[in-house]
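Here's a protein model to explore. Have a look at it first, and then we'll walk through a few of its parts together.

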Amino acid sequence: MSIVPKETIEVIAQSIGITNLSPDVLPALAADVEYRIREIMQEAIKCMRHSRRTTLTTDDVDSALGLRNVEPIYGFASGDPLRFKRAAGHKDLFYIEEKDVEFKEVIEAPLPKAPLDTAVVTHWLAIEGVQPAIPENPPPEALQMLSLPSDNRKTEVKEDGVPVDIKLPIKHVLSRELQLYFEKITELTVSRSESGLFKAALSSLATDSGIHPLVPYFTFFVADEVSRNLNNYSLLFALMRLVWSLLRNPHIHIEPYLHQLMPSVMTCLVAKRLGNKLSDNHWVLRNFTANLVASICKRFGHVYHNLQPRVTKTLLHAFLDPSKALPQHYGAIQGLASLGPNVVRMLVLPNLEPYLQLLEPEMQLEKQKNEMKRHEAWLVYGALMRAAGLCMSDRLKMLPSLPSPPPRTVWKSNAKVVTTVSNKRKASMDNMTNQPPLKKLATDCSMGGTTPPNIGAVDPNLQSSTNNNMPGSSGRKEILGGQRLLKTPAALDHAWKDDADARRLIPLLHKHFGDSMVPFFPSPEASLFL
């Protein structure tokens, strides 16, 4: 049944001169009229919503009629909503009150002001801190209103009667998309850190330019999870990878949150225990975190001048504290080594000899029966050796170019010709017994199935024939292959005349680590020290 009465259709037909309309046609016409009216009103509502309005106007109806190729209604051009009044004596009859306008009043009315042309003008906002009283500037009353306490301020009075404005916290509003993004990233970090989707999430964190509002939330998430899950190795590693991705993102400003991130990162480097299983390879986590610390210091060290000194102080304290566990020493050594060879030369090498005296009993089978402890001691020894070797290699690269001998050198001594050979022969037992304790450990220990390499073994005959050519002998010249070459001691004296530290470094490291230092020599200079 239509909402348009049949009587309305009959009255409209009579108003246009149709008097013989059949009663059977009236219901059909009423239903069609209702359908057309609904169609026009739906189009008008669409026009209203596209105009970002909530009030339906006659312009919306005209636009809907135009979309349906119907001639618009004339006489209702006002943009204001129509005001209907109820007709007196009728319950459902409304009308629009229209005011009669006299043409004489319209003609005699003054003309409105002409609109101003679009232009750009300049004016003074303030002159020496005083705002000039010109129409372009806000009046002083408005400035006083702005200085009043707002909704997010609270005024308190101290005991001495001085009023203090306390700024209340403001609620941080995140879009629904960012909230879903944060929830998904945290869910993958906690429960699915080994999946390919987590790798894609890390890539998004490293490149997405719209996640800056989430940086404080990620910072709090990392700090909270690290403090509560030190026994969960996989989660700790996933959190450090998340921090690494955030640091790689060039579009976010992470400097204000470093003071919240650094404690969590340092915990994963020098904590006493990371993980709860024997299969948890926390050494890899410490190596990864050491590189992360070095990256932070390199990138933000010029912004926060006390960042690297504070990190270095923390690592040095963990390294020199004998009450700390060996994994903590390992993390401290790796962290100091990642900060560069200068840090190792200034902080690690001066403390190398006393530290190795404490470490030596932990490496020997006779004094340490716990296999796990010996394994940890050997890993710490390897970290020390690598840090010292890289430091020595860096110092040697700074030396001026040294003479390089031919591939096979013939030395004449006592009417015998001896040719240098490659390091393929093993050192004899007599030579090993004369080694220092740590050097001997480096050659004959087989802890955990891993034997430190015996690199640089030399034939005793060759050693005896070259003793006269070591640095303490005279700097005379010999004829090799018809050429006159400067002997090794004189060459080293010439190269090290301005670097006494490098000259003392090699004997020191060779004393503690033996021939294991040989792989760290640069290839051209290695022959001069062998």
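Which helices do the buried residues of α9 pack against?

## A helix on the inside

Keep in mind that this is a predicted model. The buried residues of α9 pack against α6 (176–191), α7 (196–207), α8 (215–228), α10 (258–270) and α11 (282–300). Twelve of the 16 residues of α9 are buried, so the rest of the structure largely encloses this helix. Among those buried residues are Tyr233, Phe237, Met240 and Leu247.

Now for the nonpolar residues. In soluble globular proteins, nonpolar side chains tend to be buried together. Here the largest nonpolar core has 88 residues, and Leu359, Leu384 and Phe513 touch the most other members. Helix α16 (residues 371–397) gives this core its largest share, twelve residues.

Let's zoom in on Leu384. Leaving out residues up to four places away in sequence, Leu384 touches Phe319, Ile333, Val348, Leu352, Tyr355, Leu356, Leu359 and Phe513. There's also a second, separate core of five residues, including Ile40, Ala44, Val61 and Leu65.

Take Met41, which sits in helix α2 (residues 25–50). Its relative accessibility is 31%, so Met41 counts as partly exposed.

Notes: Residues are numbered from 1 along each chain as its sequence is written. This is a predicted model: local features need pLDDT of at least 70, side-chain atom pairs count only at pLDDT 80 or more; totals for chains, interfaces and linings use all residues. Side-chain values use heavy atoms; hydrogens and water are left out. Buried means under 20% relative accessible area, exposed over 50%, partly exposed in between (1.4 Å probe, protein chains only). Helices (H or I, at least four residues) and strands (E, at least two) are DSSP runs, numbered from the N terminus. Contact means heavy atoms within 4.5 Å. A nonpolar core is a set of buried Ala, Val, Leu, Ile, Met, Phe, Trp, Tyr and Cys residues joined through side-chain atoms within 4.5 Å.
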